[in-house]
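Please keep the sequence and the structure in view while reading.

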Amino acid sequence: MTHLGEGTLQELLDDELAPDLRGAADRHLAACAACAGELAELRAGGERASALLGLADVPAPVLRAQAGFHRRRRAGGPLAGAGRALPRAAAIALTLAVAGVAAAVPGSPVRGWLGGETVEERPAEPVRLERAPEAPPAAVVPLPKAVSIFPDAGRVRVVVSGSSPELRVRTRLTDGPNAEVHATGSAASARFRTAPGRIEVVGAGPGEVVVHLPASARAAFLEVNGRVYAAKEGAVLRSLQPRVDGSAAEPVFRAGP
């Protein structure tokens, strides 16, 4: 008995066998258990390959290769009896290749079928962001302070107390009608208090205080920590304590001993 070739059986499965040959093939299968078993084996193999292709989401190139393989197999003739081993080996190789692709897909059940082992996926390490070093705060420079009063009954007194021993006190006579005090640098931390004909400078830091005494006043005094350092006598300024800098007309005193 001449058996049906694998190409003919595959065309039957694919519903591609010519109508004039299909009736003869169906009658042969009804009488030949070997060819019927071969057809069933091909059908089962195709179903397994389709299932694996679905799991691996294999793209069109694999399907095109499979179709080309069928066309080449059919070229040998619809009733060829030889060449069964080679197509079967090719189908097995294709199945194994697809299984390998499916096993590489994370979460695929094929991993459990192949050896029952799973590959543990290591979580990605968190990215550590280092903070840039903060710039040191800028030094705060006190703004200058100033206060001004008019003499009271022709008299004016400027009093400096509770200040840094390093405080410099500069004194001069001016042509203006009022007395003024300017605190610069760290001396700007001082507090000013005023009363008729009186200015008090309290808690000045180690900067400089400039005292302007009006030349038009009948009497004008500079007092530091309870002692008179300078006084207006007539049209000139007289120093009553040793000066550390300046001149006779513009003496500079130090608040400390």
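Arg22 and Asp26 are joined by a salt bridge, in which the closest N and O atoms are 4.0 Å apart. The model is a predicted one, and a search through the whole of it finds 11 salt bridges.

**Salt bridges**

- Both Arg22 and Asp26 belong to helix α2, which covers residues 19–31, and they are separated by four residues, or about one turn of the helix.
- Arg22 is partly exposed, with a relative accessible area of 29%, and Asp26 is likewise partly exposed, with a value of 37%.
- Side chains of opposite charge can pair when their charged atoms come close.
- Arg157 and Glu223 form another salt bridge, with their closest N and O atoms 3.1 Å apart. This pair links distant parts of the chain, since Arg157 lies in strand β2 and Glu223 in strand β8, 66 residues apart.
- Arg157 is partly exposed, its relative accessible area being 24%, whereas Glu223 is buried at 16%, a value that falls under the 20% limit used for buried residues.
- Glu200 and Arg198 also meet through their side chains in a salt bridge, at 2.9 Å from N to O, and Arg198 is partly exposed, with a relative accessible area of 29%.
- One network, held together by salt bridges that share partners, takes in Arg168, Arg170, Arg172, Glu208, Asp245 and Glu250.

**Helix α2**

- The 13 residues of α2 should span 18 Å at 1.5 Å a residue, and the C-alpha atoms at its ends are 19 Å apart, which agrees with that expectation.
- Which residues of α2 are buried? They are Ala25, His28 and Leu29. Viewed down the axis of α2, the buried residues fall within an arc of 100°, so they line one face of the helix.
- On the other side of α2, the exposed residues are Pro19, Asp20, Arg27, Ala30 and Ala31.

**The sheet from β5 to β10**

- Six strands make up an open sheet with mixed pairing, and their order is β5-β6-β2-β8-β9-β10.
- The edges of this sheet are taken by β5 (191–195) and β10, and each has a single partner strand, so one side of each is left without a neighbour in the sheet.
- Neighbouring strands in this sheet are turned against each other by 15° on average, when direction is ignored.
- Strands β2 and β6 (residues 198–202) run parallel and are joined by five bridges, and within this pairing Val159 has Glu200 of β6 as its bridge partner. Glu200 also takes part in the salt bridge with Arg198.
- β9 and β10 form a hairpin that has two residues between the strands, and Gly234 in its turn has a positive phi of about 70°.

- Most residues other than glycine have a negative phi.
- Ala153 has a positive phi of about 55° although it is not a glycine, and its position is in the loop between β1 and β2 (155–161). Ala153 is exposed, with a relative accessible area of 55%.
- Asn225, which is not a glycine either, has a positive phi of about 50°, and it is placed in the loop between β8 (219–224) and β9 (227–233).

Notes
Residues numbered from 1 in each chain as written. Predicted model: local features only at pLDDT ≥ 70, side-chain atom pairs only at ≥ 80, totals over all residues. Heavy atoms only, no water. Buried < 20%, exposed > 50% of the residue type's maximum accessible area, 1.4 Å probe, protein only. Pairing = 2+ DSSP bridges. Expected span 1.5 Å × (residues − 1). Arc of directions from axis to C-beta. Axes fitted to C-alpha atoms, helices over the stretch in contact; angles between N-to-C directions.
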